[in-house]
Amino acid sequence: MASPVYDSDPLVLLKALLATIEDKIIPLTSKGVSSGNKLFGAAILSKAGLVPQTVSTNNETASPLLHGEINCIQQFFAQTSFPDPLDASKPTSSQRPSPQDCVFLATHEPCSLCLSGITWSGFDNFFYLFTYEDSRSLFSIPYDIDILQEVFRVPAVPASTNATGAAGEDLEARPLYNKRNKFFTARSFEDLIREIKAKYGETEGEKWENEVKRVKAMYNGLSDTYQASKRDVVESASFWK
């Protein structure tokens, strides 16, 4: 059964997700980008107590498939010791939690590969800090949008045509994927801020909006390091730099 903390309090949830990024993911990503890996990271937390179970970052210098999310999923299913889902100070356990008892956290909105990985692994949710548009505009990494548009966004067969004889659908207006579907629900940190404002008021919402901006700003230096590694032609297994 899902925890009331996970289900009902967006403030507690956002606080835990931001702390996981700042304290757990960013230190790993800082090492990763200095070796030529992208700045995408991920974590899996327990729903019961929002305790991080697995934390990882991009490792494309080893394999183009090891995006932050995929690397995290691989480690989650390979590791043999897990923190107590309610209290990280308690002894660890060899019992892996069910993906449906976990919160999936991605620093950046998952690409098509990672959307599939999250779905096939059985996670019924994910949350992300940066959007696809952020990845393209702030970090010069446009491939998430490019691949979803070019490979997956197939036009619907029109039931009728307009007066000019052309199909009436605006393909560019179609979402790149369904954020609420039978497999998962995806929410951005901006969604959580809106929920906090609705529950606690504008002042509290703005406080956490500023916290999100503060954590986002930590990625500026990481992006500079990654872009420098591209200029220095650091060897990477990824085709898309």
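Helices (H or I, at least four residues) and strands (E, at least two) are DSSP runs, numbered from the N terminus. The model is a predicted one, in which local features need pLDDT of at least 70 and side-chain atom pairs count only at pLDDT 80 or more, while totals for chains, interfaces and linings use all residues. Residues are numbered from 1 along each chain as its sequence is written, and side-chain values use heavy atoms, with hydrogens and water left out.

**The whole chain**

Begin with a cartoon view of the chain. Its secondary structure comprises nine helices and five strands, and along the sequence these follow the pattern α-α-β-β-α-β-α-β-α-α-β-α-α-α.

Next, display the surface. The chain exposes about 12,400 Å², of which carbon and sulfur atoms supply 53%; accessible areas come from the Shrake-Rupley method with a 1.4 Å probe, and for residues only the protein chains shown count as cover. A residue is called buried under 20% relative accessible area, exposed over 50%, and partly exposed in between (1.4 Å probe, protein chains only). Of the 241 residues in the chain, 44% are buried.

A contact means heavy atoms within 4.5 Å. Among contacts between residues at least 6 apart in sequence, 63% join residues at least 24 apart.

**The nonpolar cores**

Select L14, L17, I21, F189 and Y219. Which core do these residues belong to? They are the residues with the most contacts inside the largest nonpolar core, which has 34 residues. Such a core is a set of buried Ala, Val, Leu, Ile, Met, Phe, Trp, Tyr and Cys residues joined through side-chain atoms within 4.5 Å. The elements that give two or more residues to this core are α2, β1, β3, β4, α7 (189-200), α8 and α9 (219-231). Helix α2 provides the largest share, ten residues.

Now centre the view on I21. Leaving aside residues up to four places away in sequence, I21 touches I26, P27, L105, T107, L129, F189, V215 and Y219. A second, separate core of 20 residues can then be selected; I73, I118, I145 and L148 are among its members.

**The aromatic rings**

A pair of aromatic rings is described by the distance of the centres and the angle of the planes. Rings of Phe, Tyr and Trp (its six-membered ring) pair if their centres lie within 6.5 Å; planes under 30 degrees apart count as stacked, over 60 as edge-to-face and the rest as tilted. The count by this rule is ten aromatic pairs.

Select F76 and F82. Their ring centres are 5.7 Å apart and their planes stand at 75°, so this pair is edge-to-face. Both F76 and F82 are buried. Move on to F126 and F184, a tilted pair with 5.1 Å from centre to centre and 50° between the planes. Because F126 lies in strand β4 (residues 125-130) and F184 in the loop between α6 and β5 (185-188), the pair ties together parts that are 58 residues apart in sequence. Finally, select F76, F77, F82, F104 and F123 together, which form one aromatic cluster.

**The charged side chains**

Side chains of opposite charge can pair when their charged atoms come close. A salt bridge is a side-chain nitrogen of Lys or Arg within 4 Å of a carboxyl oxygen of Asp or Glu, and the count by this rule is eleven.

Select R214 and E22, whose side chains form a salt bridge at 2.8 Å, N to O. R214 is in helix α8 (residues 202-217) and E22 in helix α2 (residues 10-34), 192 residues apart.

Next come K38 and E60, with their closest N and O atoms 2.8 Å apart in a salt bridge. Are these two residues buried or exposed? K38 is buried, with a relative accessible area of 5%, and E60 is buried at 2%.

**The last stop: D144**

Select D144, in helix α6 (residues 143-152). D144 is buried yet has no salt bridge, and the nearest side chain of opposite charge, K38, is 8.2 Å away. Residues up to four places away in sequence aside, D144 touches F40, E109, C111, Y132 and S135.

Terms used: Lys, Arg positive; Asp, Glu negative; His and termini not counted.
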